[in-house]
Amino acid sequence: MTGSAPAVGVADRPGTADAVTDVATAPGPSTAPRGVRRWGLALALIALLAACAASVGIGSRTVPPAQIWQALTDPSVSTIAAEAVRSRVPRTVLGLLVGASLAVSGALMQGITRNPLADPGILGVNAGAAA
């Protein structure tokens, strides 16, 4: 058989055995070592605490960190800075709750549809909002 095309095996065709083994051996979302994940979680929590402190401390009147701590730990303090902090805490807590609920709803949508790229349009939420 001179001059003929080389034989194409099953493994050479796209969508066959090699493609299946590639998908089966693809790294999953949690392939990072446990220590790396812990450091990532610790850094995320530190960033969250820093964002909360900034939310409480920054506004029309900037409050230094020492006065934020004093206002949060000593309810008998009645300075302008303490009142500013006390009025900003509910806003910060509400922001945390809204962010957490959006994260949970996104995770539920991804889990229900088994699609890591799930968005509200998959379930028709966008069409209902437009009506």
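Predicted model: local features only at pLDDT ≥ 70, side-chain atom pairs only at ≥ 80, totals over all residues.
I started with the surface: the protein chain exposes about 10,100 Å², and carbon and sulfur atoms supply 69% of that. Areas here are Shrake-Rupley with a 1.4 Å probe, and for residues only the protein chains shown count as cover.

Residues are numbered from 1 along each chain as its sequence is written, and side-chain values use heavy atoms, with hydrogens and water left out.

Next I looked up burial. Of 131 residues in the protein chain, 12% are buried (under 20% relative accessible area, 1.4 Å probe, protein chains only).

Then the fold. I find 5 helices and 0 strands, reading α-α-α-α-α along the sequence (DSSP runs numbered from the N terminus: H or I of at least four residues for helices, E of at least two for strands).

Contacts (heavy atoms within 4.5 Å) came after that. Taking pairs at least 6 apart in sequence, 33% join residues at least 24 apart.

Last, the largest pocket, at about 190 Å³. A pocket is an open set of points on a 1 Å grid over the protein atoms alone, with protein on both sides within 12 Å along at least five of seven lines; lining residues have an atom within 4 Å of a point. Volume is the space filled by probe spheres on those points, joined across faces, edges and corners.

Who lines the largest pocket? I get Leu49, Cys52, Ala53, Val56, Gly57, Val63, Pro65, Ile68, Trp69 and Leu72. Helix 2 (34–57) and helix 3 (65–73) each give two or more residues, and helix 2 gives the most, with 5.

How values were computed. Buried < 20%, exposed > 50% of the residue type's maximum accessible area, 1.4 Å probe, protein only. 1 Å grid on protein atoms, 1.4 Å probe; cavity = no way out; pocket = protein on both sides within 12 Å on 5 of 7 lines; lining within 4 Å.
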